[in-house]
Amino acid sequence: MRPWPSGRVAFGGDYNPEQWPREVWLEDMELMRRAGVSFVTLGVFSWSWLEPAKGEYEFAWLDDVMGLLHENEIAVDLATATATPPPWLSAAHPELLPVDRQGHTLWPGSRQTWCPSSVTYRDYALALTTQLAQRYHDHPALAMWHVSNEYGCHNIPCYCDRCGAGFRRWLEQRYGSVDALNEAWGTAFWSQRYTAWDQVLPPRLTTTFANPTHELDYRRYQSDVLLDFFRAEKAVLTELSPGVPVTTNFMTLRHFDKLDYHQWAADQDVVSTDHYIVNTLQHPRAELAFSGDLTRGLAGGRPWLLMEHSTSAVNWQPVNPAKDPGQTLRDSLAHVARGADTVGFFQWRQSRSGSEKFHSALVPHAGADSARFREVCELGAVAARLGEVCGSRVEADVAILWDYQARWAASGPAMPSSLLDYAAVPHTLHRLLRERGITADVVHPSADLAGYRLVVVPTLYLVTDEDAGSIAAAAHAGAQVVVTFFSGISTQDDHVRLGGYPGAFRDLLGLRVEELFPLMPQAQVAVGDGWGTLWSEDVTAVDCEVLETYTSGPLAGRPAVTRRATGEGAAWYLSTLLDDEALGGLLDRVTAAAQVTAPAQVPSRVEVTRRSGQNGSWLFLVNDSGDPQQVAVTGYDLVSDGRVGPTVKLAPGAVAVVREE
Ligand code: GAL
């Protein structure tokens, strides 16, 4: 077995040789060497090539590819190839096709067309996984197993009868009795009381709003059933291919919320993720940084793998602009700055046919004689120089709490405002901290908060008593805790905590909210010198200091921002979404109180993080501005491969990774 490439940031991507004749494979090897590729993810969508008919396996081509990669010293992240069934399988078992909320079957012809609860699909997938593990477990090129691909990206939620049956089994395990289910789901409302398990269905298309806890539990079920699937594949690999790390690629992008990755992370031998720049976002680079900090949070602070990103355009957005010269390097290192030790891409060679023929790749349609491929080679050279950084940790004194289940509940049916997007507030706070050079770990509310000086609790609508308790304990022990509006509202069954909002945090914050006042689109309320949008609340200060009040609108004169000292720390409350300037000003106060500072003084559009380890520390500087910038630092810049100091100059869009002296 080949160890995961070390002594360098591993660099490579998805390799799909079945799309090309053999002579191209030889050119691939030559070009991979030229580019400094050190790993590939192989066979993600190869099932129909590996098993062209039931139980008839064709591994000769894969043997050849594995052999070639080994000869060329390229490590293989070998896929179990179970992401998409071959046509013969769906033709023989149409019952494994997923069904949407309206009851429409999703037909073969694309990818990931399988029902997450299908035992038939699982059996076939495990059979293929077994074959692959038996054949390649001791192959010298094998360095990692890549189970399936981006679980849940397209095939959940599925509302078919098999999912219905699986959901009932899951509910029985969770609740034990129909009465307990009725209690948890609040079925006294709208005559929804169940008297037998078989009356419970997936939350299919209904006349009007569905029961929110029914919806919430269905999301939990769909995430769990896929996690079971992953575990079943992993168990085969662990048994037949011991010692080889196993991963599946997450999607920690802002828009993906179908799986509870906090539940999944512990089962990964190494956490890996995919990230693509969404160009319709207002702050795409801040979103990239959030994704990295969330992935690191999922990895428990350990280094992680960026399994996929793109050298240039994707092909799945309405308009797909190419990346600027230098952006591939900048994007890649922006992930390394947040803890990635591997930089992978989709895909090695741009397809000439199929749905992704206009998606960029390491080798573009233009071929190796292209600016893009020359950039790829430069990136490979930089990745090779960054080896000393691998294994080091990103320093962060701030935790931002993030919970997929709170997100699911907050985006349930019939909420106070459909304008509230769970991701918006954590992303905004993270962006403003990043603009101040402050790095945050994005972690689950149940994470150990002991080491953080500042804990940010954005729109944590649903929270357990236990997690609310540990957040309060963090404040008591000395952290500055910032809670924002619409937090602490409900229990894990999504039952509102009575007696005034924000239920779970009322005592910690020393205040009470009797009514929520969400704001109409475009509406603003004056708060001190700034403006609040989206949301406001009628806050009564019980045992807290009022920092800002509303000065316009129906809540004029009422508290908007408060602070309560508790133990060694303090708990701050923000009942509206302040504009960037006012919110930034508040963060300046909070970070000063927490004594949290940036690792270096940088101009506002230079991103800064520090990784440190046993053999040193490295300052990552990413110039996100269109102007040249400079930062005071002395050391060795691994990107330009030379000494710098007392300042480093950064051209527009340039990156420096300075080993500090
Ligand atoms: C990912 C997927 C890849 C490819 C890529 C395109 O979601 O894993 O197979 O489709 O997106 O951006």
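This is a predicted model: local features need pLDDT of at least 70, side-chain atom pairs count only at pLDDT 80 or more; totals for chains, interfaces and linings use all residues.
Residues are numbered from 1 along each chain as its sequence is written, and side-chain values use heavy atoms, with hydrogens and water left out. The protein chain is divided into domain 1 (398–594) and domain 2 (606–660). Domain bounds come from an automatic or database domain assignment. The C-alpha centres of the two domains lie 34 Å apart.

**Nonpolar cores**

- The largest nonpolar core has 168 residues. Such a core is a set of buried Ala, Val, Leu, Ile, Met, Phe, Trp, Tyr and Cys residues joined through side-chain atoms within 4.5 Å. Buried means under 20% relative accessible area, exposed over 50%, partly exposed in between (1.4 Å probe, protein chains only).
- Y15, L69, W145 and F505 have the most contacts inside this core.
- Helix α5 (residues 119–136) gives the most to this core, with seven residues. Helices (H or I, at least four residues) and strands (E, at least two) are DSSP runs, numbered from the N terminus.
- Domain 1 and domain 2 each supply at least three residues to this core.
- A second, separate core of 20 residues includes Y159, C163, W170 and V200.
- Leaving aside neighbours within four places in sequence, L69 is in contact (heavy atoms within 4.5 Å) with Y15, M29, M32, V40, L42, I74 and V76.

**The six-stranded sheet**

- Six strands form an open sheet with antiparallel pairing, in the order β10-β23-β24-β29-β26-β27. Two strands pair if DSSP finds at least two bridges between them.
- Strands β10 (393–394) and β27 (642–644) stand at the edges with a single partner strand each, so one side of each has no neighbour in the sheet.
- Five bridges link β24 (residues 616–623) and β29 (residues 655–660), which pair in the antiparallel sense. F620 stands opposite V657 in β29.
- Helix α11 (residues 327–336) lies across β23 (606–613), β24 and β29. The helix runs at about 140° to β24. Axes are lines fitted to C-alpha atoms, for helices over the stretch in contact, and angles run from 0 to 180 degrees between N-to-C directions.

**Strand β1 and its partners**

- Strand β1 (residues 10–15) is mostly covered, with six of its six residues buried.
- Four bridges join β1 to the parallel strand β9 (residues 340–345). T342 in β9 is the bridge partner of A10.
- Strand β2 (residues 39–42) also runs parallel to β1, joined by four bridges. G12 stands opposite F39 in β2.
- From β1 the chain passes through helix α1 (residues 22–35) to β2, in a right-handed β-α-β crossover. Right-handed means that, with the strands pointing away from the viewer, the path from the first strand over the helix to the second runs clockwise.

**Strand β11 and its partners**

- Both faces of β11 (residues 398–401) are covered. V398 and I400 on one side, and A399 and L401 on the other, are all buried.
- Four bridges join β11 to the parallel strand β12 (residues 440–443). D441 in β12 is the bridge partner of A399.
- Three bridges join β11 to the parallel strand β13 (residues 454–457). V456 in β13 is the bridge partner of I400.

**A loop residue**

- D421 lies in the loop between α13 (404–410) and α14 (424–435).
- D421 counts as partly exposed because its relative accessibility is 31%.
- The C-alpha atoms of D421 and R407 are separated by 8.4 Å. These residues are 14 residues apart along the chain.
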